[in-house]
Amino acid sequence: MNQTDNAVKASLFVTCIIDQFFPEVGEAAVRVLRRLGVDVEFDQSQTCCGQPAFNNGFWDDAKPTARRLVDSYEGEGNVVVPSGSCAAMLRVFYNELFHDEHDTLRRAQALAPHVFEFTEFVSDVLGAENREGLFHATKPMRVTYHESCHLKRELGVDLQPRSLIKSLPGVELVEMPQAEVCCGFGGTFSVKYADISAAMLNDKIANIQSANVDAVVAGDMSCLMHIGGGLEKQEAGIRAIHIAQLLDERI
Amino acid sequence: MTERNEFFNTIRQALGPQTEAPNLTGTGSSALGDNSDAVSARSQAIQAYIDEQSGPLMDSLSESATGAGWKVARFDDLDKAGDHIVGIVRDVEANLVVRSRQDVLESGIVEAWLASLGVDVVPMALGEHSEHTVDELRSLAERADIGITGVDYAIAETGSCVLIPSAQVSRLVSLLPPIHIAIVQRGQVLPTLDELFTIRRRDFLDGNLGSYMNLISGPSRSADIEYTLVTGVHGPGEVHMILVG
Amino acid sequence: MQSHTKDFRQGAGAALSDPKIQANLEGLYNGFHQARIDASDQTPDWEALQDKGRAIKAHTLDNLAYYLEMVERNVIASGGHIYFARDAEAASNYVVNLAKERGIELVIKGKSMVSEEMALNHRLEEEGIEPVETDLGEYIVQLAEETPFHIIAPAIHKSRGEVSELFVEKLNVPMYDNIEDLTREARDQLRQKFVDAGMGITGANFIVAETGTVTLVTNEGNGRMCTSMPKIHVAITGMEKVVPSIEDLGLFLRLLIRSATGQRISSYVTTVTGPRGEDEVDGPEEFHLVIVDNGRSKMLADPNLREALYCLRCGACLNACPVYRKVGGHAYGWVYPGPIGAIVSPMLTNLSEAKDLPYASTLCGACKEACPVKINIPRMLLYLRKELTQGETYPEHKSVSMAESTAVKGWRASVSSSFMMRLSNLGGRLLQLPFVRGGRIDRLPSPLSGWTKHRKFPAIASKPFRTRWKNIGKK
């Protein structure tokens, strides 16, 4: 019997921000999934889930790209998304976007149970924490976890990332104050209301610094781009990394 | 169309076509689908329960009232309670005490307790029993050092006493003086807010709701300045709950 | 109240650069916000209460005409008067005319957000009638000639020092340095007002349809004063505050109070049904209930917005909101700030004028998580953004800039296919050339400069993931 016949398959929806700005995060996610025995596919036709337009009220402009996504993943099995906000767009907000387009709505609702955010998949489906000797130690490291809003509040994912981090030998998870509070990114909010966004960012950075850590880890590159961008500007000496990268460094 | 009808017309248009009377089942509203008998049955069950559980309910009230900021003291009988109240009156060097006229106080026990202290005790009441006008009574309540009342009910869940104004109970006797002493007797304690409102519903259906009710759960308080808690803002800053029985 | 919603950016900026306001806002997270979490954690079956409360609210609003008529019958049967005001002006006229007819010179007021909608104090003053706010926070705000900063704690933006200075200036009293003294001063100042006032005006937290009862939740005792001392009591409230039965009060009191301050119950819960009884010793001789629409019927009519009317006015969403906790209540420019305000204020005033309000949110969802009746605020913010952009239900408020429309069209093209993504990548890499150093961009041109003021921006990858895939593909 061929080993790969029993392998879990997953189609990676890499998200436009990782594709264009942080491709190394996508590569890390693929390596982690493969190491866990997943047969990873990548549909080249993918572009964007439509959230930037949707969040700003441009629903008609978001629909074409969202429809294409629903079409391309129909019947394709597991879809894994290394982003809480993009996964939430597919699973939750397509219900809003397509509320009056019944055929697409039905197909989006059929797709939803197959859509997994990355840590959901790695923890709940693949049980990575329970695999003996999966992760090896590297230099000891203190990290804190920032809770991306959609990941926590729309998808209900908060235990899985922490449990994965805690399963890494040599990595100490230090909780920071107000970990669940929004970092202030919010898409175009970060530019349209830049001063409010910056004030929220400063609070987040202060909380990260108070935890005395080497890195802040999260499941969304949008948050990390914003937090990391701020940390770099302040020359704080703290890395901002995606959880896929943290796992990849040790798998 | 009158103003009133226009108002309702706007709402009806907003709601769209509907049947006149809504479907009350499965709404979650505890009650409007019930008939009067169902409310009576619940009310009677509550009465039976609070009589049977009067002891544990007093225990529970003692705890919750303390948590709510009452100074709580418990006694087997009214005489012992009286000694305690005399102590409070003496400690604050009160000159004037106003009291409500609930049954527990109507026999004149407060006057008896305080007789030897030379403290004036004024029952807050109108009509044939009173020597004072409404304005005079209000003035007295404002000058009083302490207001003493019984209660209609107490609530264990929240540490509250319930006062329903009537001919016997003034709205102001527990509001104007800086100290309020409430005497709760065994058998008056309800487990939660829900039982209170079932009983009140029964009262309403009997034409007995009255015009006013206060749930009092501790001293007057505010945290409006810098989140800092202060007591005695407009209502009494010191409240005593005396549990008897 | 006059609307300043279009000054949101200015107001937010002012709050952000005011260290005193920032310091006072800090207390919300560990204060009210945490207190609500603790109280709800300690309440058995909290979520079941929430679901039941929401179901009752939904049912009541879906049948609002029926229940308001029930209120009407019962208020009249209990000897009270009832007035249905189509808007703030009608409500003000009623109250002011009543006060004039009765020769009222002094009015004492408990906290009423609806009376702020009406700018009632201003109207009364114009007629030579003195309104005095009796809630400590409202009293301070009135002295300062400001508007409330927070639904539950109107003066929370003021430090004790600022309150002391205010009292010195307006009341001619010595400088106090502790909060007990300030409170005692307020109490003494208000004592005589309670006695002299001819009319007491309050809000209402709930109106019970079955009995025509108004319910007041207070801590200070001023609500009891306003409903016990003057000869006339007027309660003013929004039409959405109805609950069907008196037996629903237990549930709603738990939801409201624990969500507002984290208390198990407030110091006082007062229920008013008509004027005083004939044999009662004290209490008002006249009772008036003013029920106000003022644009609420617009939200009622819109199935996407009706649930905004479930609001209990507890303030939990304000306390939970990371944006509100930075900019405070004044920035929102009208009576209702914070997440629920971002829906209600535009809808009760002018949607396109208030367009900053639905956009000044990261859609983090903390408000939805905090709401005792699970109002889905982010969903309604998204709906209002869609309306402002595409103008389907409210075409007269469509308000989108050419620049943004064009940018979105550009975005739409760039995500229309994998080829277009690659093309855009190329274009982006060319455009960014003058700006990139070490893989980062330090300064983006306008309108994106807001980003780089506070953050570095990453450079677009020369090899996007989709290009790399062929190297990491099947191995």
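**Entry 1: which chains meet**

Of the two pairs of chains in contact, which chains share the most contacts? I looked this up first, and the answer is chains B and C. Contact here means heavy atoms within 4.5 Å. Then I looked at chain A and chain B, which do not touch. Their nearest C-alpha atoms are 20 Å apart.

I note the ground rules. This is a predicted model, in which local features need pLDDT of at least 70 and side-chain atom pairs count only at pLDDT 80 or more, while totals for chains, interfaces and linings use all residues. Residues are numbered from 1 along each chain as its sequence is written, chains are lettered from A in the order in which they are written, and side-chain values use heavy atoms, with hydrogens and water left out.

**Entry 2: chain C against chain B**

I found 101 residues of chain C in contact with 76 residues of chain B. The two chains bury about 7,400 Å² between them. Buried area is the accessible area (1.4 Å probe) that two parts lose on being put together, summed over both. Carbon and sulfur atoms give 56% of the area. On the chain C side, C:Arg224, C:Glu247 and C:Val281 supply 11% of what chain C buries against chain B, more than any other three residues.

Next I looked up charges. There are twelve salt bridges across this interface. A salt bridge is a side-chain nitrogen of Lys or Arg within 4 Å of a carboxyl oxygen of Asp or Glu. B:Arg201 and C:Glu210 form a salt bridge, at 2.4 Å from N to O. By class, the side of chain C that touches chain B has 48 nonpolar, 28 polar and 25 charged residues. For classes, Ala, Val, Leu, Ile, Met, Phe, Trp, Tyr, Cys and Pro count as nonpolar, Asp, Glu, Lys and Arg as charged, and the others, Gly among them, as polar.

**Entry 3: chain C against chain A**

Here 66 residues of chain C are in contact with 72 residues of chain A. The buried area is about 6,000 Å², with 59% of it on carbon and sulfur atoms. I counted eleven salt bridges between chain C and chain A. A:Glu154 pairs with C:Lys368 in a salt bridge, and their closest N and O atoms are 3.4 Å apart. The chain C side that touches chain A divides into 30 nonpolar, 14 polar and 22 charged residues.

**Entry 4: cavities**

How many cavities of 30 Å³ or more are there? I get seven. A cavity is a set of points on a 1 Å grid over the protein atoms alone, where a 1.4 Å probe fits but cannot get out; lining residues have an atom within 4 Å of a point.

The largest cavity holds about 140 Å³ of space. Its lining has 18 residues, and C:Cys321, C:Pro339, C:Ser361, C:Cys367 and C:Leu381 lie nearest its centre. Helix α16 of chain C gives the most to this lining, with three residues. Helices are DSSP runs (H or I, at least four residues), numbered from the N terminus. The lining of the largest cavity has 14 nonpolar, four polar and no charged residues.

The second largest cavity has a volume of about 110 Å³. Of its 14 lining residues, C:Cys311, C:Cys314, C:Gly315, C:Cys317 and C:Cys371 lie nearest the centre. Helix α14 (residues 316-320) of chain C gives the most here, with three residues. By class, this lining has twelve nonpolar, one polar and one charged residues.

Notes
On a 1 Å grid over the protein atoms alone, a cavity is a set of points where a 1.4 Å probe fits but cannot get out, and a pocket is an open set with protein on both sides within 12 Å along at least five of seven lines; lining residues have an atom within 4 Å of a point. Grid points are joined across faces, edges and corners, and a volume is the space filled by probe spheres set on the points. Helices (H or I, at least four residues) and strands (E, at least two) are DSSP runs, numbered from the N terminus.
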